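Here is a short tour of a few local features, from rings and charges to the core and the backbone. Have the viewer open as you read.

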Amino acid sequence: MNDVRPNNRRSLDTFLTAALIRGLGAGTAHPPVLVVTGEAGAGKSRALREALASVPAASRRAASTEIPRGTPYKVVSALLGLDLGRPVPADAEERLLARLDDLCAAGPLVLVVDDAHEADSASLALLNMMASAARDLPLALLVARRPRPERDHLVRLLRAPSVREVVLPPLDDIDLDALVHEHTGRWPGRRLRPVLAPHRDNALRMLTLLDGLADAGAFTTTGDVLELRPGSTAEEVARGGLGDPVATTVSALHGPARDAARILAVLGRPATVEEIAAVAGVAAVALVEPVQVLLDRAVAVFEPGGRLVFAHDSYRDAVELDIPGPLARVLHTAAARYEEPAGRVRHVIASGAPAEDVLLAVQGAEADLAHAPAVEADLLAGPVAAGGSSRAAVELAIRRSRALARSGRPSRAETVARTALDHATDPVQTVELSRVLIFTLTLRGRVPEALALVDASLDAPVSGHVRDIIGQHRAQLVQLAGLQPLLLSPPVADPRELTLTGLVTEAVRLSLIGHPTVALELAWEASRQHMSAEVDPYEGASSDLWPPFVELHVEGPRAAWSAMQDVARLREDRSAQWQSVPHQLLRGSIDLAAGRLADAAAAFDAGLESADWAGLAWTSMSEGARALIDVLRGDLEAADTRLRAWHSAPAPLQFGIPQPQRAEVALLEARRRYREASRLAGEVWRTAAHRNLLTWLATVAPELARIARRAADEELRAMIDRDLARLPRPLTPALAPTVHLAEALTGTDADGTVQRACAAAEDAHRTGLHLAELAAWEEAAVAAAEVGDRTLAREYARHALRCAEETGATGAATRVTGRLRAAGVRLGATAARRRPATGWQALTPTETLVADLVASGRTGPEIARDLNVSTRTVQTHVSHALAKLGLASRIELAAAARARPDPPPR
């Protein structure tokens, strides 16, 4: 987080405006996400208005205090102008992000969220996603919040590297004078200024004080100077006798006006006079005069739609503080009858109702909360913190811990579950809390603790089916952490004898040992059964993670991406938001295999950042892959830094796969330290072979075989040749190109190497494995050079360099030209041309295709479906195209694409 502390309000306004204008400019790498932090009444809303006044971009605003509390996605729905209806649909996030994409299509956009500290958790989680999307959209976010209450998702937002937090400064003398002049039309005099000075940090109190003094007749004017009239009122003010002007105004309310203000505060949202009257149990006409009092004293105002709202949330805070506890509980009980189910839960809790009534209210709101576990978790925070050993109290704790886990906050879920275990007396509830703990410990990579808890749970009195689930989770943990070599034979004769957890474990085992086709059937079967009526709802929780993972090794990236779309929809339907991080990382793996290095890097960066915030530990595959991308792109220092960071705080190796070490091998090779690379490659190969990770060996075999050849390491070459023979045949379309290429490299027939490498390149191209295609053309070129056919060598090198250019693998291109030069072949004009930085020729083929699809009228989500990529990837391509062409919106891009002449052959 970058913390900015302006010296005064003028520099604050200048900074915010300049940051927005600069960030929304064409070609900006990181459009701004600005968070303005200040206490109530300090002037955050005014700072937002001032910043926007000079920004030449469309803007949209939503304030959390103007929206019903606890209603899922309400703040972002209001911000984007999309009514999701009730109950909240499973694809709410997808709809809202698609709406964001549509709004940004017209040009630069600033989204303003005021009072974000009071937003519902679902909106805050989506706000983080929007902040990430701002990297690839003409979008800036301007957010205002109080430092308290601290909200998890706001903390996460502030940690993001592209976010700037701006701490609101107190008013200096010039700011104070300007505020008085703006409010009254005059400048403060010598006697008035020291009376206002104690309120420099709270503009609202200062303005309220000015109004109170004016009402008391305490002012005199001379020209354009406003001065305190000598006398008792001025002297009382000077001594601080009026105290907090806001609290003073509120305490002056009496009778029906005070009742109306209290009901408005308890409702926690704008309300019509009729709604306030219903809660009060009076006719609406009885509130005409009390509401007029609130209007006259500037405590409340009417919105354009006719709803009453506090003029500032400081007034609402002061009214809430003024309500005695017993009376507040009475008002919340009355308000609960007039709210939607999710809002009713909040009032039932605030009324002090017993845990049994709260549980009934939560159960009544299940339709509204089904797809917003983060909101449910926040609603239940108070009752769960209150504790209790009744069945209802423990059930609320179970529900909250599960909601926290589902929404991707395993650390908090663990804390809640552990605390509730101290109160649980029912054996069934004790086991359910233990299962939550086992799940959260698994997510966080704390395998020894999870295994110990599994063993303790198996010793407890549990049903036979639950015992089987927990026992098979033990096998899943051992497999996930790579604690033992993978079994080469099935644990049971018929997988249908397994629980859903066991079925998932078996699907992954088969995929890892070289049987991905069979594994795919089991993975989809587990996904189909998960959350169905016939199974335990918390059985096989990771079922929807594995179909794309397995499909990547069966049919390749295109099929894997299609599977990813399917499981993403299931994730939404099943409200398993915790899966969004593993899915994001898996998207990176798919993009990497497809040769979309920029997209893969963006996916890994976003996923790893989210994993770090959520405390998810299983990132070793992605950490290694991200470092490998740096090597492929020629950024060796970045790769080195990344790997050093990994070794300084290593996470567990997923399945025991030595992926970070694979990246180290690639880095050593790029630095021409072939003997060291070969030595480490041998360790990597032996480790993976011992663990029976045959599918992973099949994917890395060509690069390790290449190193064996370059280092003349006969032992490594023989190991690769021997272990590839262990792979089950026939090979899947996704594994065949890399295995055949590696077999060609471990052979001794140079002429055969050329032919087999060319065949592998063509197979890889058909399967969409463009990195494998690049490697195969490279080996074909080198082998052709070695047998003296320079013409073929140059032709195959041209294919390899084309692949390198399209994928962005500049480091690989350097390796290709260097190897051929060492073989006596200089590429000259056949080498990759440097792409221009601007203009249509600067666009990559994919960027050009996306521009043409935009010109044809396709939306971002439609283009994503056409190309089998994410909407975020489409946004990235559009952003790059706009920057290279100097355009500001997709409307301009579409017009330019339609107007451009036919491009020359490339």
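## Charges over rings

Start with R402: its charged end sits over the ring of Y538, 3.6 Å from the ring centre. To count here, NZ of Lys or CZ of Arg has to be within 6 Å of the ring centre and within 35 degrees of the ring normal. R156 does something of the kind with W613, lying over the ring face at 4.9 Å from the centre.

A word on the source: this is a predicted model, where local features need pLDDT of at least 70, side-chain atom pairs count only at pLDDT 80 or more, and totals for chains, interfaces and linings use all residues. Residues are numbered from 1 along each chain as its sequence is written, and side-chain values use heavy atoms, leaving out hydrogens and water.

## Aromatic pairs and the core

How many aromatic pairs are there? The count comes to five, taking rings of Phe, Tyr and Trp (its six-membered ring) as paired if their centres lie within 6.5 Å; planes under 30 degrees apart are stacked, over 60 edge-to-face, and the rest tilted. One aromatic cluster is made up of W546, F549 and F655.

F655 turns up again in the largest nonpolar core, which has 208 residues. Along with L111, M130, L139, W685, W696 and L820, F655 touches the most other members. Helix α41 (residues 770-786) supplies the largest share of this core, 12 residues. There is also a second, separate core of 31 residues, with V246, A261, I276 and A335 among them.

A core here is a set of buried Ala, Val, Leu, Ile, Met, Phe, Trp, Tyr and Cys residues joined through side-chain atoms within 4.5 Å. Buried means under 20% relative accessible area, exposed over 50%, and partly exposed in between (1.4 Å probe, protein chains only). Helices (H or I, at least four residues) and strands (E, at least two) are DSSP runs, numbered from the N terminus.

Two cis peptide bonds deserve a look. R86 and P87 are joined by one, with omega about -10°, and P87 sits in the loop between α3 (74-80) and α4 (92-105). The bond from R148 to P149 is cis too, with omega near 0°; P149 is in the loop between β5 (139-145) and α6 (152-159).

Then come two positive phi values outside glycine. R672 has phi near 65°, in the loop between α35 (659-670) and α36 (674-690), and counts as exposed at 62% relative accessibility. A712, with phi of about 55°, lies in the loop between α37 (694-710) and α38 (714-724) and is exposed, at 67% relative accessible area.
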